[in-house]
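Please examine the structure shown below together with its sequence. A short report on its main features follows it.

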Amino acid sequence: MRAPRLFRTVAFRIVFVYIAIFAVSAAGLVAFTYWNTKRALDTQTDQTIDAEIIGLSEQYQRLGLGGLADVIMSRSVRGGQGLYLLTDLQHHPIAGNLDGWPQIIFRPESFVEFNYERRVGGLSTLRRARGRVFSLTGGFQLLVARDVHERHETVRLFSTTLPWSLMLMLVLGLIGGGLMSRNLLARLDSINETSREIMAGDLARRVPVRGNDDEFDMLATSLNRMLDRIERLMRGMREVTDSVAHDLRTPLNRLRNRIDAALRRLPPESDEYVEMESAAFEIDQLIATFNALLLIAEAEAGMAREAMARIDLREVVEGIAELYAPLAEEKGLAFDVAPSGEAMIAGNKRLLAQALANLVDNAIKYTPEGGRIRVSIENTPSGVAMSVADSGAGIPAEDRARVLDRFVRLEASRHSPGTGLGLSLVVAVAKLHDARLDLADNGPGLKATLVFPHDTARARSSTSLPLAAK
Amino acid sequence: MRILVVEDDLEAQRYLVNGLKEAGHVVDDAEDGEIGLSLSLSRPYDVAIVDRMLPKMDGLKLVEELRQHGNVTPVLFLSALSEVDDRVKGLKAGGDDYLTKPYAFVELLARLDALMRRRHPAAVKTRLQVGDLELDLLTRTAKRGEASIDLQPREFRLLEYLMRHASQVVTRTMLLESVWEYHFDPQTNVIDVHISRLRAKIDKGFETPLLHTVRGAGYMIRARA
């Protein structure tokens, strides 16, 4: 798993592209230099040869064939730079230090490179030469050339080495790129890991800063500053909800106490007792609504993240199903739980249980006798889906978004008990878990599904990352 | 029973103390955490009711200190704070039970009874008996008279909890918390359905009912009406 991830990194891609551009431009530069140098050297050689041919042809005109042969003989040093061959029309050698006419076709006035055999002492070597042929009057042919073997060898060496050098550069570059990416990855991983731990609820965590003021340190510092701010906001939010809770609960508590005290004093059969009892009931309803609102606020603010743990959704489903099944059966509803495999997610068990309880409670409330309720967990491509499907009246498509808002109760349910916050709480719990709540037609009935995305289900499950630490 | 009430809201304190006295308990009160701690360390109480937010010394701190001194007096926290993880904090600090304000007085009384009962446990029991109803905790079987009663595992736990608190009022919330381990308010009274099923199993066809509904409070199992 390591290699593919390394190749996918931005650092590695940058290095790779850089190396490719560098290799192409280096090859281009070398080729240009080679071509230019060769041309300059060739021109130099050609000019020398031209000058010599002019000199020799003058000698021929002045001294005739014998004179020219003498001059050539005197210039022809075996093993020297200058190469000469004077022949008749049939290429029979007359004078010169070349052993025979080269096996190539010379075009007049143009320079050609050819191989020749050089014998010095007993040694014979094949060498490279460059030269041209000059036709003398009388049909005699004069070949003047210069030995360019050293230059030729250098060029040959150069052109065989160049690809290897480029290859070596590429390999070294890739290794360097790999190391660099690894280094970058390690630092990014530490940031990623910290973010995940923070998302999982540990708000006190901070991204490590190395103290060398590089870009990563700057990023880490900004992230940390952002986290400080989030933590402060969360603490502020907690203080607000705590004081709201405290300031509202204290007077409600006194009111409840007074009613309790009155109830203890009144004879249980009196009208006043019944009145007081219903007042107590109203207060309890008020408290339930208040508690639900507070819980929604807290879930939406992500406060309950601290209580996140690895849990099996099946246990949540089984527990709630067991609690609610008798209620459903009492109402004449078929209630069943679809069998499923393990469904681990990171979650707050209590809130998930409450959310599921709300969904099941709604299903039981709004499904007429003889109906059917089915709770299931499925592994879908988009995540782990926990759903409650009923065969009741369902919710008209145009109302589905609206029922998720707080205190919204559809006409059909106006007269049944409830706070109107049940689904809002489910939405808040879903949000807390990065999940989404889908309401769909169950044909007939409603199918409410909470989808927990795989990445949150998985990411929080493992603390070790492929490239971290080791 | 001797009960210590540590509560800074004087009106709430007055109602609490009066209510407890009317219920036949001996009550001491304290207005802040420091007085509460010194009282609870110097006198033996059967149970202490401690508010979470107190002047001078926070309720959590009070209980932590108390536990550090080796004092095991059962503590019931009262809290007006938001609830999500406050309960966990309270229980971690050494509290034994937790009640959010506002609460119904019957709920508080029932919980205090349960706490005090826990304080004086009879020798480890393997059988529970109420009237002619017997519960064998080892074989997980129940019988009434000579007739054996077939119980689901959860029904067994429900009956066990009721019988362990025989002749005490047990509230629906207490049952939901202890038998199902849920700490939320179910919108519908699901517990009632479970109770009526249990009642059908243990009382149906017998002359004297054992499982009683206590108006405005909860349920109670006892031998005689």
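## Model and confidence

The structure is a predicted model. Its scores are ipTM 0.85 and pTM 0.66. For chain B the pLDDT averages 87, and 96% of the residues score at least 70.

Chain A contains nine helices and twelve strands. Of its 470 residues, 27% count as buried. When contacts in chain A between residues at least 6 apart in sequence are considered, 62% of them join residues at least 24 apart.

Chain B has eight helices and twelve strands. It comprises 225 residues, of which 42% count as buried. For chain B, 57% of the contacts between residues at least 6 apart in sequence join residues at least 24 apart.

## Contact between the chains

The contact between the chains involves 39 residues of chain A and 31 residues of chain B. On the side of chain A that touches chain B, at least two residues come from each of the helices α4 (215-265), α5 (271-300), α6 (313-330) and α7 (349-366) of chain A. The most is given by α4(A), with 15 residues. Sorted by class, this side of chain A has 16 nonpolar, nine polar and 14 charged residues.

In soluble globular proteins, nonpolar side chains tend to be buried together. The largest nonpolar core in this model has 84 residues, and the members that touch the most others are A:Ile320, A:Tyr324, A:Leu356, A:Val360 and A:Val429. Helix α7(A) gives the most to this core, with ten residues. Helix α7 of chain A also supplies at least two residues of the side that touches chain B.

Which residues does A:Val360 touch, not counting those up to four places away in sequence? They are A:Ile320, A:Tyr324, A:Val375 and A:Val388. Two of these, A:Ile320 and A:Tyr324, are themselves listed with A:Val360 among the core members that touch the most others. A second, separate core has 31 residues, including B:Val5, B:Tyr15, B:Tyr45 and B:Leu112.

## Helix α3 of chain A

Helix α3 of chain A runs over residues 149-199 and has 51 residues. From its first C-alpha to its last it reaches 73 Å, close to the 75 Å expected at 1.5 Å a residue.

The buried residues of α3(A) are A:Gly177, A:Ser181 and A:Leu185. A:Arg182 is also found in this helix. Is A:Arg182 buried or partly exposed? It counts as partly exposed because it has 17 C-beta neighbours inside 10 Å, whereas a buried residue needs 20 or more. A:Arg182 and A:Phe12 are 170 residues apart in sequence, yet their C-alpha atoms are 8.7 Å apart in space.

## Cis peptide bonds

In chain A, the peptide bond from A:Gly443 to A:Pro444 is cis, with omega near -5°. A:Pro444 is located in the loop between β11 (436-441) and β12 (446-453) of chain A.

In chain B, a cis peptide bond joins B:Lys101 and B:Pro102, with omega about -10°. B:Pro102 belongs to the loop between β5 (97-100) and α5 (105-119) of chain B.

## Positive phi angles

A:Asp213 is not a glycine, although its phi is positive, at about 55°. The residue lies in the loop between α3 and α4 of chain A. A:Asp213 is classed as exposed because 10 other C-beta atoms are within 10 Å, and the limit for this class is 12 or fewer.

B:Glu181, likewise a residue other than glycine, has a positive phi near 60°. Its place is in the loop between α7 (172-179) and α8 (190-202) of chain B. With 11 other C-beta atoms within 10 Å, B:Glu181 is therefore exposed.

How values were computed:
Residues numbered from 1 in each chain as written. Chains lettered and ligands numbered in written order. Predicted model: local features only at pLDDT ≥ 70, side-chain atom pairs only at ≥ 80, totals over all residues. Contact = placed C-beta atoms within 7 Å. Helix = DSSP H or I, 4+ residues; strand = E, 2+ residues; numbered from the N terminus. Nonpolar A, V, L, I, M, F, W, Y, C, P; charged D, E, K, R; others polar. Expected span 1.5 Å × (residues − 1). Core = buried A, V, L, I, M, F, W, Y, C linked by C-beta atoms within 7 Å. pLDDT = per-residue confidence, 0-100.
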